[in-house]
Amino acid sequence: MRTPGGWALAAFALILLAGCRPTPDRPGTTARPAAATHPPGAPSAAPRLPGMPPPLRPGDVYAADRPGRLSPVVRHMPARVWVPDSQDGTVHVIDPRTRRVVRRFLVGRLPQHVTPSWDLRRLWVTNDESNPLTPIDPATGHVGRPVPVADPYNLYFTPNGRRAIVVAERLGRLDFREPHSMRLRHTLAVPCPGVDHLDFSADGRYLLASCEFGASLIRVDVAAERITGRLMLRAGAKPQDVKLAPDGRLFYVADMVAGGVWLVDGARLRVTGFVPTGAGAHGLYVSRDSASLYVSNRDAGSVSVVSFASRRVRTIWKLPGGGSPDMGGVSADGRVLWLSGRYHAEVYAIDTRSGRLLARVGVGRGPHGLCVYPQPGRYSLGHTGVFR
């Protein structure tokens, strides 16, 4: 259902949509994405990225993420919510059953996200300013020796597990590294400032990354590790999180300035629609049944529930008393959405059946990319936990 300001947002979205345009990846050329041989909006029929596990069920990239479908690798691990406090250089650990903090420990400067490794065996804390990745054993809670890595704002893994991708936002590049040792293999400079979030196509052959301060998206060939196109959004746009739809046809891209999510055909690099959700649209999380997308509206203090089938907002959950819902994840049983309160030094636990706020848990200053772990799935693509 639409909020009172929904019609105004929709009108604004139409203005923005009219200004979206693809641009070339080389100056002086005409924007013309490579011709595709599959129907408009459909996932590519090309073979999967070599080494990528086959889909569990065609037509749903999140089929392995059903409630309780935990990998044997993580079944013995205690359920925890790992919260990086960017301003304090700490991580708070919450027991989701009691909804209480059970531990706090120091990491590096400006920890941004807690990221599960591709093989599910390790968590990495991305310390953006002091430049290491801090490894954590989620089975025992043991904090390992920091691994030096330049500017680790965010961290992802290719769908075949052969490369880690460190998103070096400040340095303006994507660093392709060995997934265990984090040894640098290749640096890819990006043509836009503020690269920070990304997701992969259904076949794993390309990724789509947002450039927050460049009002644009870039497409990267995963195997070749090269940029194949760029999509410019309206001037002033601020794209954030990126999430592939379950059927693999479109990417959803949150935009803090537009107050909603862009629908993007990644194969053709074009915007196909816009869904207004609320001020400061930021984080994107898929429900355990692959039916809905939870959109955190950081400036509105709300979460919008978008239907993948209709591509419309079904309902909006307002946080009582306000808040700043940012990044997080869904519990293993799918019943609780956990989100950091970026400007309120707290974490929110929200009932996904009713939208009721279950708890506010006090943590450190500037909580950001919290990780709910373990979660269902066969392997992790990174960030705060994107599983397939």
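**The largest cavity**

β21 gives the most to the lining of the largest cavity, with 3 residues; strands such as this one (E, at least two residues) and helices (H or I, at least four) are DSSP runs numbered from the N terminus. This is a predicted model, in which local features need pLDDT of at least 70 and side-chain atom pairs count only at pLDDT 80 or more, while totals for chains, interfaces and linings use all residues. Residues are numbered from 1 along each chain as its sequence is written, and side-chain values use heavy atoms, with hydrogens and water left out.

A cavity here is a set of points, on a 1 Å grid over the protein atoms alone, where a 1.4 Å probe fits but cannot get out, and its lining residues have an atom within 4 Å of a point. The structure holds 3 cavities of 30 Å³ or more, and the largest has a volume of about 180 Å³, a volume being the space filled by probe spheres set on the points, which are joined across faces, edges and corners. Its lining has 17 residues, and the closest to the centre are Asp65, Val286, Arg288, Gln375 and Gly385. Two or more lining residues come from each of β21 (281–286) and β25 (325–330).

Of its 388 residues, 62% are buried, that is, under 20% relative accessible area with a 1.4 Å probe, protein chains only.

Conventions: Buried < 20%, exposed > 50% of the residue type's maximum accessible area, 1.4 Å probe, protein only. 1 Å grid on protein atoms, 1.4 Å probe; cavity = no way out; pocket = protein on both sides within 12 Å on 5 of 7 lines; lining within 4 Å.
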